[in-house]
Amino acid sequence: MDNSPDLYTRAWATPIGAGIAGCVGGVILMVAAVVVSGDPAGAVLMGVAGLLLAVLGAYTLRVRPRLAIIDGPVPALMIRTLRGPRTYSREEIERIRLLSIRRVGRRVGQLEIDVLPEGASATPADEPEGLPREDTRLVVFSRWDLGTDLLTVADDLRAAGFVVEE
């Protein structure tokens, strides 16, 4: 399937500015690690932190858009990873859930999408109806991944015809 941006009804990704800031900040930390070479432990820590920050920034720029709704007779979801984009029809999506989890004294949202393995049927013959499947792949998105409020994403998914549990 063609995944050109013209086919997306809605698409979400980490803001470009955050990716660029991560890359620039990583380079600055790596240069600072060379400058403070008089302190070997500090230089190593700064160099590693700079490298990780630059890789995170490059990752956020590489996987754009992270999640998208694709137009068509039957809407589909496109999820992009480092391996490239993968499109899932409604039948290939087991469940979409919006969670609110308490972490370090505050609420953090997550959008979870359970997708069926390639070639699997929506309801296997050996599992009872109503129980969750054990062979699905879980994809988890945070506000950082999608660059916007998760409630907005959930509302857009519902408007496109996907069932989102809360």
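Student: What makes strand S5 and strand S8 (residues 164-165) a pair?

Tutor: Two bridges join S5 to S8, and pairing takes at least two bridges found by DSSP, so they count as paired. The two strands run parallel, and isoleucine 96 has valine 164 in S8 as its bridge partner. Keep in mind that this is a predicted model, where local features need pLDDT of at least 70, side-chain atom pairs count only at pLDDT 80 or more, and totals for chains, interfaces and linings use all residues. Residues are numbered from 1 along each chain as its sequence is written, and side-chain values use heavy atoms, leaving out hydrogens and water.

Student: Why is S8 called a strand?

Tutor: Residues 164-165 make up S8, and a strand is a DSSP run of E with at least two residues, so S8 qualifies.

Student: Which way do S5 and S6 run, and how many bridges join them?

Tutor: Antiparallel, with 10 bridges between S5 (residues 93-103) and S6 (residues 106-115). Isoleucine 93, for one, has valine 115 in S6 as its bridge partner. In their hairpin, two residues lie between the strands, and valine 104 takes a positive phi near 45 degrees.

Student: Why are H1 and H2 called roughly antiparallel?

Tutor: Helix H1 (residues 16-35) and helix H2 (residues 40-62) pack at about 160 degrees, axes 7 Å apart. Angles over 145 degrees count as roughly antiparallel, so that's what these two are. Their crossing is left-handed.

Student: What meets what in that contact?

Tutor: Contact means heavy atoms within 4.5 Å. Residues including Gly22, Gly26 and Leu29 in H1 meet a set in H2 that includes Gly50, Ala54 and Leu61. The contact's residues divide into 15 nonpolar, eight polar and no charged; Gly counts as polar here.

Notes: Axes are lines fitted to C-alpha atoms, for helices over the stretch in contact, and angles run from 0 to 180 degrees between N-to-C directions. Helices (H or I, at least four residues) and strands (E, at least two) are DSSP runs, numbered from the N terminus. Angles under 35 degrees count as roughly parallel, over 145 as roughly antiparallel, 65 to 115 as roughly perpendicular and the rest as oblique. A crossing is left-handed if the near helix is turned anticlockwise from the far one by less than a right angle, and right-handed if clockwise.
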